[in-house]
Amino acid sequence: MNITNQTTIEYRCLKALRLHLAVFLLAGKIGRKADDVWKDLPWKKFRQHVFRLQREIFKAQKNGQKAKVKRLQRLLLRSRAAQALAVKQVTQRNLGRKSPGVDGKTALSTRERLVLCQRLNKHWYHWKHQQLRRVNIPKPNGKTRGLGIPTIADRAWQALLKSAAEPAYEATAGERSYGFRPGRCTADAQKLIFDNLNKSNNGKDKQILETDISKCFDEINHEVMLEKVVLPKEALKGLKSAVKAGVRGEYPSSIKGTPQGGVISPLLANIALDGFENLGSDQ
């Protein structure tokens, strides 16, 4: 699918979203509930449009077409469909939607969701990421794990960036990496282990290397990680400010790590650790 066709599809999505927004603004006059307006957005078309763009990003990255990848990513980041889906994900679908950031806001009202969609559309390329709220949760060993919770608006922006960055990463990611990846789960890793250790593959002569990365999310080097992230420069600049935002009440900025609690954090950890699954494969 070429850029012209993608632009045509985006125009239709934009027209649909603008129409529903206009209906929403008139909802008070015509007696229609705001929730019905949000519910009636063409979500299926939005998902189809975003998937098409992600597929093209994947193919371009696979073929080494770097300029085309960035062009398609910008198209996706500007997409009203992708922006609406990002807002829907963090305000209605994610389990952590009721966890507030430093602004105290949780799952938003319908009016606030539409306002956030407009805000993403206008400011995605120069987003001002707020600091994080520290939440300590207990671990089975009696210790605590510190989560850095972004505001719900920052989570929506992160979800938007993730939708553009993830297809590019998936195009070159290791085939035996299974954590935090779309379409993969623990059962896939279990099957790989079973197939390689069974009798027909001389499993008794093989070894398993088990490792535990202490404070993995906390120790990731920002510069090394950001060099591996494939995004347009304006989005990458915003991502850099996000990972260095730090936790309110603690050191004013972060010098390393990616906070557990961010929507994009698992993807960033995967990007930073890409190739780690091959450790010891030559021995």
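## Leu 41 and the loop around it

Leu 41 is located in the loop that runs between helix H3 (34-39) and helix H4 (43-62), where helices are DSSP runs of H or I with at least four residues, strands are runs of E with at least two, and both are numbered from the N terminus. The model is predicted, and for this reason local features need pLDDT of at least 70 and side-chain atom pairs count only at pLDDT 80 or more, while totals for chains, interfaces and linings use all residues. Residues are numbered from 1 along each chain as its sequence is written, and side-chain values use heavy atoms, with hydrogens and water left out.

With a relative accessible area of 4%, Leu 41 is buried; buried means under 20% relative accessible area, exposed means over 50%, and partly exposed lies in between, with a 1.4 Å probe and protein chains only. Leu 41 and Ala 81 are 40 residues apart along the chain, and their C-alpha atoms are separated by 9.8 Å.

## Aromatic pairs

A pair of aromatic rings is described by the distance of the centres and the angle of the planes. A search of the whole structure finds four aromatic pairs, where rings of Phe, Tyr and Trp (its six-membered ring) pair if their centres lie within 6.5 Å, and planes under 30 degrees apart count as stacked, over 60 as edge-to-face and the rest as tilted. Trp 124 counts as buried at 4% relative accessibility, whereas Tyr 125 is partly exposed, with a relative accessible area of 42%.

The pair of Trp 127 and Trp 157 is stacked, because the ring centres are 6.2 Å apart and the planes stand at 5 degrees. This pair links distant parts of the chain, since Trp 127 belongs to the loop between helix H7 (110-123) and strand E1 (133-138), and Trp 157, 30 residues apart from it, belongs to helix H8 (residues 152-172). Both Trp 127 and Trp 157 are buried.

Ring pairs also join Trp 38, Trp 43 and Phe 46 into a cluster. Over the face of Trp 43 lies Lys 88, at 4.7 Å from the ring centre; a charge sits over a ring if NZ of Lys or CZ of Arg is within 6 Å of the ring centre and within 35 degrees of the ring normal.

## Phe 180 in its loop

Phe 180 lies in the loop between H8 and H9, and its relative accessible area of 59% makes it exposed. Although Phe 180 is not a glycine, it has a positive phi of about 55 degrees.

In H12, the residues Ala 235, Gly 238, Leu 239, Ala 242 and Val 243 are buried. Seen down the axis of H12, these buried residues fall within an arc of 135 degrees, so they line one face of the helix; the arc is that of the directions from the helix axis to the C-beta atoms.

The face of H12 turned away from the buried side carries the exposed residues Lys 233 and Lys 237. Lys 233 has its place in helix H12 (residues 233-243), and it is exposed with a relative accessible area of 68%. From C-alpha to C-alpha, Lys 233 and Lys 70 are 8.8 Å apart in space, although 163 residues apart in sequence.
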